[in-house]
Amino acid sequence: QVQLVESGGGLVQPGGSLRLSCAASGSIDSINTMGWYRQAPGKQRELVATITSGGFTIDADSVKGRFTISRDNAKNVVYLQMNSLKPSDTAVYYCNAVIRSGSRVLSSWGQGIQVTVSS
């Protein structure tokens, strides 16, 4: 069994910063891609950023230059540093990881964490 637990969300004013963390635990042999997605009310879930075990990153155009994804492979943790936050960044943010566990490859999701950008 694999678990992803997110932390670091909350309420922040426009222009502010937050850092999200997501820790993977359980029966993990290796983790390939880790990433962050978000879903705003009434909208579909969308990619925010992903990072491979080798450090290759992909960022959505809407967050380029403002958000930075990073990971600690030794700790199985992925981070999302969010700067210059806008009201349009308000959403539930979900962590995702592609995990090898024994003979299985799992795409696991966290429970989601609320980020609200408002004055």
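Helices (H or I, at least four residues) and strands (E, at least two) are DSSP runs, numbered from the N terminus. By that rule the protein chain has zero helices and 11 strands, so its elements read β-β-β-β-β-β-β-β-β-β-β from the N terminus on. This is a predicted model, in which local features need pLDDT of at least 70 and side-chain atom pairs count only at pLDDT 80 or more, while totals for chains, interfaces and linings use all residues. Residues are numbered from 1 along each chain as its sequence is written, and side-chain values use heavy atoms, with hydrogens and water left out.

The overall dimensions come first. The C-alpha atoms of the protein chain fill a box of roughly 45 × 25 × 20 Å along the principal axes. The radius of gyration is taken over C-alpha atoms, and the globule rule is 2.2 Å times the number of residues to the power 0.38. For 119 residues a compact globule would have a value near 14 Å, and the protein chain agrees with its 14 Å. Of the 119 residues, 40% count as buried, where buried means under 20% relative accessible area, exposed over 50%, and partly exposed in between (1.4 Å probe, protein chains only). Accessible areas come from the Shrake-Rupley method with a 1.4 Å probe, and for residues only the protein chains shown count as cover. The protein chain exposes about 6200 Å², and carbon and sulfur atoms supply 47% of that area. With contact meaning heavy atoms within 4.5 Å, 55% of the contacts between residues at least 6 apart in sequence join residues at least 24 apart.

Eight of the 11 residues of β9 are buried, which leaves the strand mostly covered. Two strands pair if DSSP finds at least two bridges between them. Strand β4 (residues 30-39) runs antiparallel to β9 and is joined to it by eight bridges; S30 has R100 of β9 as its bridge partner. Strand β11 (residues 113-117) also pairs with β9 in the antiparallel sense, over three bridges, and here V92 stands opposite Q114. Strand β10 (residues 104-109) pairs with β9 over six bridges, again antiparallel, with L106 of β10 as the bridge partner of I99. β9 and β10 form a hairpin with two residues between them, and G102 in the turn has a positive phi of about 65°.

The link is left-handed, with -80° about the S-S bond. C22 is buried at a relative accessible area of 0%, and C95 likewise counts as buried at 0%.

Five of the six residues of β8 are buried, so β8 is largely enclosed by the rest of the structure. Strand β7 (residues 67-72) is joined to β8 by six bridges and runs antiparallel to it, and R71 has V78 as its bridge partner in β8. The hairpin of β7 and β8 has four residues between the strands, and N76 takes a positive phi near 55°.

Conventions:
Disulfide = S-S within 2.5 Å.
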